[in-house]
Amino acid sequence: MSASSGTALASAFPQRTPQTGFASRLVQGRQKYLISAVCVALSTVMLLPLVASVLASLKSTQEAAAVPPTYFPHSLSIDSYERLWNYQAGLPTYFSNSLGAALLTILFCLALTVPAGYGLAKFRIPGKEALFVVLLLGLIVPYQALLTPMFFFFVQLNLHNSLLGLAIIHTAIQLPFSIYVMRNAFEAVPRELEEAAIMDGCNSFEVLLHICLPAVVPAMITVSLFAFITSWNELLAALVIMNKDSSFTLPLILTAARQQTSIGGTDWGMLQAGITISIIPCMAFYLLLQKYYMAGFLSGAVK
Amino acid sequence: MHTGASKYIGLLYVTPALAFVLVFTAYPLGQMVWMSLHNWSLIAPKKYVGAGNFIKAWNDPQFWTSLEFTLKYTALITPILMISGYLIALLTAENRPLRQITRSIVFAPVVIGLGASSLLWYWLFSYDFGLINRVLIDVGVIAKPIVWFGADADRSMWAVVVSIVWKVLGFGTILFVAAIHAVPGEIGEAAMVDGASYWQRVRLITLPLTAKTILLVTLVSVIGSLLAFDQFYIMTAGQPRNLTSTSVFLIYLNSFPYRKLGYGAALSLILAGVILVCTVLQMLTSRRSHA
């Protein structure tokens, strides 16, 4: 996977050379329709759960609680969204908690890995190999295993129940990937540019700021995008360190809402509204920034 | 490039990230080892117990139940994900509009949260309110709704497997497509001239030339499955009788609701050891691919 990038997806797959003979052409024609049919069927199956969830979120309060469930809403209503808006501390609180943790995670990832990538790519550092392994420690030890000591540590630092604490854990999760992406991006910046700038009397920080930084913007977008998606969706760390209702993130409050069976059972309509709300930013960023998503995914996902 | 004192300048740029890793990854790692040797709770004073927590794990039936369940889940879902992911990659590898759209749609669930997708499938599989029972009854497969979660461990696991296959299928597919694109076109064309059929070309050319990617994706997938938590926490809550509590779930239960932090740390250390073996294999594989 070493040389793969976003462009690999767009590269032309070898086209079939036309075979001769009527029979084989007929088989090929049939195959083409078969492949198209399978593609359409597959896409439908993959989309159905998402469509079902969005439709269910638009059912009226009574219809959302109907047994057996209806396939399509008889009438569209935003009741479920209204109930979600007012649920416990209110959707705005949970939404801004999730957003706050995600933005802090992006900020920390960039602040730490842009200089680190620059240092690793452009300087001779004694013991660089060992240093790189230490920086990638998070790949070797899964954060799920570190949460027990982290929780104790965060209680001592008074970082539990705080977005800052959650963002620190999310940054720790994302750091190895981000360092890897940033180092590769800085390595790809041509040396001639920097040398010319040094001749003109720029120091290393000025080289970073004026020469390298503009060239690594795509990598910074990739790092930010992945930091956002990780933080926005993460459940376990939030579950562990956030135990005050008002500091819950979106996945946390939805999980809590699922369990609330005491008064009239789970509010399925509201749950689907919450799922829809939490999916929208991920889908929007995926569709808007697909190029950066694929670049990061193909270069870092399996390393 | 930079000479003289520059090696310290380089170190200066790396220092913030290094400090972060030392404080928020290396220190907790050391702390975890320390905690695993103690009876440790937030309330009572900690007491040194040596290997006591590890012996406790060895004798804890729930430890083995969770480990066995996690391995079983991993062993079942990995081949499904790899084989169907590869077949879909073969199906959609050509860059034609319909296939590219299909690829994007298959990948879409990968970007949404595991929590959100688990809640979505929890609803779809719900006894009274779920569309899956409704569809199965309407097409006549079953006469009465099925209790998917909580009654039978195997049935619960299969329902979770369905939801996770939907969620992460695109992960392997996209990486396989990239690997298939990297296979030089001339080899396939030469084989075609020699009269090789499509499946012969797949078996003799595409599969061997993408084997490294298959191995890497398999390892990443195995690690992900061994660390499964969200889907079981949300969909089965470990029920029935903690038979569907995965290893991470067991760590969570012991460390947090039960507040047995020392025991939780020991379980974490054991899990970290298992994952380490997989990670080392993964790194060796990806290093070899550079040579």
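What percentage of the 291 residues of chain B count as buried? In this predicted model, 44% of them do, where a residue is called buried if 20 or more other C-beta atoms, placed from the backbone, lie within 10 Å of its own. Because the model is predicted, local features need pLDDT of at least 70 and side-chain atom pairs count only at pLDDT 80 or more, while totals for chains, interfaces and linings use all residues. Residues are numbered from 1 along each chain as its sequence is written, and chains are lettered from A in the order in which they are written.

The two chains can be set side by side, with helices (H or I, at least four residues) and strands (E, at least two) taken as DSSP runs numbered from the N terminus, and with two residues in contact if their C-beta atoms, placed from the backbone, lie within 7 Å.

| Item | Chain A | Chain B |
|---|---|---|
| Secondary structure | 16 helices, 0 strands | 13 helices, 2 strands |
| Buried residues | 47% of 303 residues | 44% of 291 residues |
| Contacts joining residues at least 24 apart, among those at least 6 apart in sequence | 76% | 69% |

With its 13 helices and 2 strands, chain B has a radius of gyration of 24 Å, well over the 19 Å that the globule rule gives for 291 residues, so it is more spread out than a compact globule. That radius is taken over C-alpha atoms, and the rule is 2.2 Å times the number of residues to the power 0.38. Along its principal axes, the C-alpha trace of chain B spans about 80 × 75 × 30 Å.

Where the chains meet, 87 residues from chain B and 87 residues from chain A take part in the contact. On the side of chain B that touches chain A, helix H1 (residues 6-36) gives the most, with 20 residues. By class, this side of chain B has 58 nonpolar, 22 polar and 7 charged residues, where Ala, Val, Leu, Ile, Met, Phe, Trp, Tyr, Cys and Pro count as nonpolar, Asp, Glu, Lys and Arg as charged, and the others, Gly among them, as polar.

Leaving aside its neighbours within four places in sequence, Phe229(B) is in contact with residues of both chains, including Gln144(A), Leu236(A), Thr246(B) and Tyr252(B).

In chain A, helix H15 (residues 268-288) has 21 residues, of which 15 are buried, and it is therefore described as mostly covered.

Definitions and conventions
Buried ≥ 20, exposed ≤ 12 C-beta atoms within 10 Å, placed from the backbone. Expected span 1.5 Å × (residues − 1).
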